[in-house]
Amino acid sequence: MYEIGKEEIDEVSKVIIDRNFFRYKLNGLSECEVFENAVAEKLNVKYALLVTSGTNAIVCALAGLGIGPGDEVIIPSYTFVATSLAVTIVGAIPIMANVDCELGISISEIESCITVHTKAIIPVHMDGLASDMDSIMKLAGERDLFVIEDTAQAFGGSYNGKRLGTIGDAGCFSFNCDKILTAGEGGLVVTNDRALYEKMFCMMDGSGPFNPCNKDIFTETMPFFGMSMRVSNITAAILNVQLKRLDRILDTLSERKDIIVAELSMITDISIVAGSDRSGDCSTKLHIRFSDPSIAAAVGAKLRASKILAYPPTMQPAHVCWKWTKMLGDNFKPYHPKVNPFCVNDNDYNYPMAKYMNSIDIIMSCLKYDIDYDLSLQETLVLAKRMKEIIQA
Ligand SMILES: Cc1ncc(COP(=O)(O)O)c(C=O)c1O
């Protein structure tokens, strides 16, 4: 959590004093609707829908695009486990593709994972780093696949001047407590596609089309499966303040990351992971790339001994697919093999560790450091110089 304080407390108090919790309002706009309008304008996208979590945002997008049992969805090997769980929630099968040196899903690996059952690609802008969206969109266009951007960790980031999350068919965000903007929990899905928006709205609230407050959204009662992913105005009141803090949060982070990157760029045998558009990086994390995993491990130990918390990304097991593939196999059981007609052998969808050796090598050759928002610029420079000394020693 980067910034939260009195303004959020005041806005939440108003919601409670007015007893105004429900996301719909007959006259005027609810806190949820104010947020949806403001965020759509900020990201320059037509439709924005608040939901209860980032996972549910992905579920809405997948279900809205008609993805379900028997379909395969390609996701990166380096992502939070929720990306894959969202795919299994709609009954589809996540297929993990290795990442490239910039820690985004590799285009050649996506190509090698495509089968006749593939329906979508979910690039993940992991750690605030932009994925290679031009190549992904081109490949998706050629192979007739949907693209759902998992932007849970990259709110406000951009790729070639476009906000992350607004380039694919849908973009999904999380507002859980360690995200760039937070209300403790919450999610958002955005799209420019009206029909998809209406379906995702139904997913968010199965009774939404019947509510007179939504008569401007639905021209007719939409027959589409729906759940209950409505968010209360308390969450939205916090997010309305958080959104106003976004530019300052991103500027503060990038100023600090730039200082460290400038200092470390003087070291010859390391490089800094930049994603596919360094200028659009959210700068929440710094990734130092070494020539091999053993060097990364040794330098990481020295940095941590000096109280600089640089760690291999594999230290977060929920972020690397080889730590959670067994759980996925178990999740498929309800769909396997009866519901998923394509899955005929027990081993059809196992995930051999050997498939991820490239990712393991790339990821373990990096050390990740969380940019410290609370350090002054001077303190950040001191830290950067100390990091440089330790890495060079
Ligand atoms: C990359 C990624 N995808 C999806 C999610 C899921 O978001 P939530 O925790 O809000 O369900 C997260 C949350 O940490 C995430 O980091």
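**Close-up views of a ligand site and a sheet**

**View 1. A polar side-chain atom of Gln153 lies 2.8 Å from an oxygen atom of the ligand.** The model is predicted, with local features needing pLDDT of at least 70 and side-chain atom pairs pLDDT 80 or more, while totals for chains, interfaces and linings use all residues. Numbering runs from 1 along each chain as its sequence is written, and side-chain values use heavy atoms, without hydrogens or water. Asp150 places a side-chain N or O atom 2.7 Å from a ligand nitrogen. For Lys179, the distance from a side-chain N or O atom to a ligand oxygen is 2.5 Å. Taken alone, the ligand exposes 390 Å², and the protein buries 92% of that (Shrake-Rupley, 1.4 Å probe).

**View 2. The shell around the ligand holds 15 residues** (a heavy atom within 4 Å). Gly54, Thr55, Asp150, Ser174 and Lys179 are the closest. Nine shell residues are polar, four nonpolar and two charged (Asp, Glu, Lys and Arg count as charged; Gly is among the polar). Helices H3 (54-64) and H4 (82-89) each supply at least two residues of this shell (DSSP runs of H or I, at least four residues; strands are E, at least two).

**View 3. The largest pocket holds the ligand** (more than half of its atoms within 2 Å of the grid points). A pocket here is an open set on a 1 Å grid over the protein atoms alone, where a 1.4 Å probe fits, with protein on both sides within 12 Å along at least five of seven lines.

**View 4. Strands S10-S11-S13-S12, in that order, form an open antiparallel sheet** (strands pair with at least two DSSP bridges). S10 (271-272) and S12 (310-311) are the edge strands; each has a single partner, so one side of each lacks a neighbour in the sheet.

**View 5. S11 (residues 285-289) and S13 (residues 366-370) pair antiparallel over five bridges.** Arg289 has Cys366 in S13 as its bridge partner.

Note on methods:
A polar contact is a pair of N or O atoms within 3.5 Å; within protein, one must be able to donate a hydrogen and the other to accept it, and residues adjacent in sequence count only if both atoms are side-chain atoms. On a 1 Å grid over the protein atoms alone, a cavity is a set of points where a 1.4 Å probe fits but cannot get out, and a pocket is an open set with protein on both sides within 12 Å along at least five of seven lines; lining residues have an atom within 4 Å of a point.
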